[in-house]
Amino acid sequence: FSYNLILSSIIFIISFLYMVTALAPTFDGDSLFGYLGIPREYFLYEKIFPIDYFYGSNYPQFGQLITTLGFIMGGQIVGQLLITWAMGLLCIITLYCISIKIGCSSRAAIIAIIIWYSSQSIAFLSQSAKIDLSWAFFDLLGLLAFIKWFFENNIKHEKKWLFISGLLFGIAFGIKHASAFSISTLFLGISYKVIIDKKLNINEKIKIYLTFLLPISISLIWIIRSYILTDFLFYSGSDLPNNHGLFGFFQTIWQMSMLGNAVSHEGAMGKSIGPIILAVLPLTIIYIKRNRKIPFILIFCLIMFLFWYNGVQRARHLLPVLGLLSIVSGLLIDYSIKEHKRFGIILLSLVLFVAAINMGPWLYINHISINRVGYIMSNNLNKHLEHNLAKLKWYPNYQMTTLIRDRLPNEIKIAALSTGNSYYLQKKFYGVRPTLGPSFTESVEDIEPNAF
């Protein structure tokens with residue numbers, strides 16, 4: 001009980017810090033050039049429409065609609081709270097439910113949550129308005145429903161969980177195309193269950209597949225929309241720098257785990273997931289017979305890793321899998337505490353140490369370098385921008401921001417070599433990042449000679 005109370009207190013502190021961070025306007029680049037801008041336009045114009053001056057309008061929009069709901073309920077801050085902090089909270093609740101469902105103790109579940117929730121990947125998202133945590137929530141919830149079906153003896157009579165799983169993955173796929181990897185892997189899982197169940201006839205097998213696949217089809221609207229807007233069914237990420245080959249696969253996993261707190265370092269490494277998962281998973285060899293569900297989870301994660309490696313190699317595109325691996329790691333640490341207490345306590349201490357190392361620089365950047373509490377106390381956006389934009393050299397400074405926002409006409413269109421803090425400029429701002437392509441952007445000849 002004392003373990004659980006102390007560890008739960010740590011989770012509460014982390015969640016509180018994430019909440020306070022979301023209570024102040026973000027300075028995350030992707031959020032300002034897309035993930036916040038698009039929902040604001042939907043809210044202001046009261047409709048969904050193609051936007052060529054913000055990034056990501058061709059992507060699935062369920063996530064942006066969640067943020068739009070936040071704008072309807074109370075503006076930007078409510079939108080940020082809803083899409084990051086609230087969704088992160090729902091993620092850890094779902095992780096706890098999955099842990100209990102596969103036979104973990106509450107202590108193992110809480111350890112798993114600390115491993116996942118304190119990682120740089122999650123901490124970095126909490127300071128943004130990115131849709132990744134909302135995607136992870138629906139993906140994890142879909143996995144929970146699928147687990148309820150998969151581990152039942154009579155899968156024919158438990159199809160309701162398969163239907164619910166398909167519906168949740170339909171929502172997840174409508175937030176982020178990365179759910180295609182989860183859906184494909186679970187399709188293999190369905191095939192496995194159908195093959196080993198000799199009692200099923202062909203019609204029952206077809207019904208099982210359709211029970212899962214049909215509700216997923218709700219997300220097809222976004223694939224059709226993407227094709228209409230861009231001539232592509234989805235964004236593949238093929239233009240991003242990735243590692244390749246067998247050596248590159250292991251290099252990516254190592255770098256993603258071991259490069260500490262290189263917060264601005266993307267490439268194949270993404271934001272660090274920390275070394276705990278990589279360090280603890282080898283204990284599976286010792287404890288694998290203690291829980292027969294672990295091999296299925298690890299096989300799922302391995303297949304997902306292979307899909308992910310051939311897609312967008314970012315840690316945030318792997319959040320549900322990292323959640324499952326955190327559950328396995330928490331379970332292994334819990335077994336170690338029970339059977340080899342001193343060794344288990346050392347492992348738990350390392351988990352807390354890594355969490356502190358992850359949170360330390362993040363805390364400095366987001367609550368000392370950037371003064372978010374000042375905005376929370378004053379609710380004054382101009383003071384927030386004036387105080388903090390001076391520290392962010394890659395954005396237009398406060399004077400330029402207010403000049404563009406307040407003195408230039410609303411119909412003006414601005415072209416720039418940087419994406420900038422276009423959300424706060426409140427103008428149509430065209431940066432170098434691709435949005436909807438030339439079919440939706442005026443050519444040079446279309447621009448009035450005196451437009452600038």
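This is a predicted model: local features need pLDDT of at least 70, side-chain atom pairs count only at pLDDT 80 or more; totals for chains, interfaces and linings use all residues.
Residues are numbered from 1 along each chain as its sequence is written, and side-chain values use heavy atoms, without hydrogens and water.

**Helix α1**
- Helix α1 covers residues 2–22, helices being DSSP runs (H or I, at least four residues) numbered from the N terminus.
- The 21 residues of α1 should span 30 Å at 1.5 Å a residue, and the end C-alpha atoms are 31 Å apart, which agrees; the expected span is 1.5 Å times one less than the number of residues.
- Buried residues (under 20% relative accessible area, 1.4 Å probe, protein chains only) of α1 include Leu-7, Ile-11, Ile-14 and Tyr-18.
- The buried residues of α1 pack against α5, α6, α7, α18 and α19.

**Helices α10 and α11**
- Helix α10 (residues 179–196) and helix α11 (residues 202–216) pack at about 165°, with axes 10 Å apart.
- The two helices are therefore roughly antiparallel (angles over 145 degrees).
- Residues of α10 including Phe-187 and Ile-190 meet residues of α11, among them Tyr-209 and Phe-212; contact means heavy atoms within 4.5 Å.

**Residue Ile-345**
- Ile-345 lies in helix α18.
- Ile-345 counts as partly exposed, at 28% relative accessibility (between 20% and 50%).
- Ile-345 touches Tyr-3 and Ile-337, leaving aside residues up to four places away in sequence.

Terms used:
Axes are lines fitted to C-alpha atoms, for helices over the stretch in contact, and angles run from 0 to 180 degrees between N-to-C directions. Angles under 35 degrees count as roughly parallel, over 145 as roughly antiparallel, 65 to 115 as roughly perpendicular and the rest as oblique.
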